[in-house]
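Please look over the sequence and the 3D structure below. A briefing on selected features follows.

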Amino acid sequence: MRGFITDPTGRAGLRLDDDLPEPEPAPNEFLLGVRAYALNHDELNLIRRRPEGWRPGQDAAGIVLRPAADGSGPPAGARVAAYLDWEGWAERAPVPAHRAAVLDDRVSFDQAATLPIAGLTALRALRAAGVVLGRQVLITGATGGVGQFAVQLAVASGAYVTAYVSRPEKRVAALELGAHRVITSLDEQDLGPFHAVLDGIGGPLTAQAVRRMAPRGTLIWYGNLGGAAELRLADFYGQAWNTHVVGFISPDPDETKGEDLAILAALVAGGRLVPRIGFTMDWEKTPEALEALAEGKIYGKAVLTLP
Ligand SMILES: NC(=O)c1ccc[n+]([C@@H]2O[C@H](COP(=O)([O-])OP(=O)(O)OC[C@H]3O[C@@H](n4cnc5c(N)ncnc54)[C@H](OP(=O)(O)O)[C@@H]3O)[C@@H](O)[C@H]2O)c1
């Protein structure tokens, strides 16, 4: 079987291996014929950190080749999206039945592949922020993999959404996602107060965001692409009294990943959620796609397709 493995001498730290062992699914796992997968920012770190020969790949979509032996999960031939821990960048992969959702014909494999990590993070982060109907929500990294879903889901939930983007040229993209206001600085006038903040950037931005929050608001802190954040009690003095800061870990809970994927897939099928795909290529181009992701050249998700 063919699939990518880590190799420090290869481009982007990867090599396409032509002779991997066939997967041996556990009783609660089905065998997925992978047709598309998407890249996530954290996979850049994983590829660097894991030993040589490790097999990356968390987001995948494809066809069930062999159902789970214990009878759980989708039947043979079903089109599915799947949330894996690793080994997804290959022709075939074992998938725990509870981590997959069956796809409507209106959802393409490319779209489905974008949903697992980024979509679930956005959905669950927004859930953790509570009811946002009619409330002001700030989303940082708004045109990134997670951010693009977070903006659309928050707008669909009835929030007034302010999208923070790092560069003015991303303004239009954020407006296209449905954001009501787009900012490139938290020093702008008349911002907030925000009932909820979804922050994937960290660094100085987190404290700046807290200073713009409403009393008893919730800041969901899920990423730190901008570096370590430093908070002082004084950041809460202005108006963010008793605001909650949640150190957010999206893979928890594990047992409802398939359910949450099904929610996202249904929204895509109904045209209410539109995954922004900034890069689609044959899967042999995975190293090139990873480099483009690392250089911040991809708007939305990078998707790799298998024949
Ligand atoms: N906690 C969890 O469970 C969880 C789950 C998923 C992801 N994450 C983390 O969340 C973060 C975002 O993931 P992602 O997949 O959305 O990444 P992504 O697709 O690379 O998007 C990141 C966005 O952040 C912006 N950005 C990057 N560096 C920035 C900086 N220094 N200042 C301001 N904006 C910056 C980029 O905007 P520009 O192009 O405009 O610069 C880009 O739109 C990563 O750190 C990832 O590891 C955590």
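Asp190 counts as exposed, because its relative accessibility is 68%. Here buried means under 20% relative accessible area, exposed means over 50%, and partly exposed is in between (1.4 Å probe, protein chains only).

Two notes on the source come next. This is a predicted model: local features need pLDDT of at least 70, side-chain atom pairs count only at pLDDT 80 or more, and totals for chains, interfaces and linings use all residues. Residues are numbered from 1 along each chain as its sequence is written, and side-chain values use heavy atoms, with hydrogens and water left out.

- Most residues other than glycine have a negative phi, and most peptide bonds are trans.
- Asp190 is not a glycine, yet its phi is positive, at about 55°.
- Asp190 sits in the loop between S10 and S11. Helices (H or I, at least four residues) and strands (E, at least two) are DSSP runs, numbered from the N terminus.
- Pro193 is found in the loop between S10 and S11. A cis peptide bond joins Gly192 to Pro193, with omega about 0°.
- A cis peptide bond also links Asp252 and Pro253, with omega about 5°. Pro253 has its place in the loop between S13 and helix H7 (257-269).
- Glu87 has a positive phi of about 70°, although Glu87 is not a glycine. Its loop runs between strand S5 (79-83) and strand S6 (92-96).

**The six-stranded sheet**

- Strands of a sheet pair through backbone hydrogen bonds, either parallel or antiparallel.
- Six strands form an open sheet in the order S10-S9-S8-S11-S12-S13, with parallel pairing. Two strands pair if DSSP finds at least two bridges between them.
- Strand S10 (181-183) and strand S13 (244-247) stand at the edges. Each has a single partner strand, so one side of each is left without a neighbour in the sheet.
- On average, neighbouring strands of this sheet are turned by 15° against each other, direction ignored. Axes are lines fitted to C-alpha atoms, for helices over the stretch in contact, and angles run from 0 to 180 degrees between N-to-C directions.
- Strand S9 (residues 160-164) and S10 run parallel, joined by three bridges. Thr162 has Arg181 in S10 as its bridge partner.
- Helix H4 (residues 145-156) packs on the sheet and touches strand S8 (136-139), S9 and strand S11 (194-199). The direction of H4 makes about 170° with that of S8.

**Helix H1 and its two sides**

- Helix H1 (residues 41-49) has these buried residues: Glu43, Leu44, Leu46 and Ile47.
- They cover an arc of only 165° around the axis, which puts them on the same side of H1. The arc is that of the directions from the helix axis to the C-beta atoms.
- Arg48 and Arg49 are exposed on the other side of H1.
- The cover over the buried residues of H1 includes strand S1 (3-6), strand S2 (14-17), strand S3 (29-38) and helix H8 (286-294).

- Arg55 lies in the loop between H1 and strand S4 (59-66).
- Leaving aside neighbours within four places in sequence, Arg55 is in contact with residues including Met1, Phe4, Trp86 and Glu87. Contact means heavy atoms within 4.5 Å.

**Salt bridges**

- Side chains of opposite charge can pair when their charged atoms come close.
- A salt bridge is a side-chain nitrogen of Lys or Arg within 4 Å of a carboxyl oxygen of Asp or Glu. By this rule the count is 18 salt bridges.
- Arg11 and Glu288 form one of them (3.6 Å, N to O). Arg11 is in the loop between S1 and S2, Glu288 is in helix H8, and they are 277 residues apart.
- Arg99 and Asp254 form a salt bridge too (2.8 Å, N to O). Arg99 lies in the loop between S6 and strand S7 (100-102) and Asp254 in the loop between S13 and H7, so the pair ties together parts that are 155 residues apart in sequence.
- Arg99 counts as buried, at 9% relative accessibility. Asp254 counts as partly exposed, at 26%.
- A network of salt bridges links Asp85, Arg99, Asp254 and Lys257.
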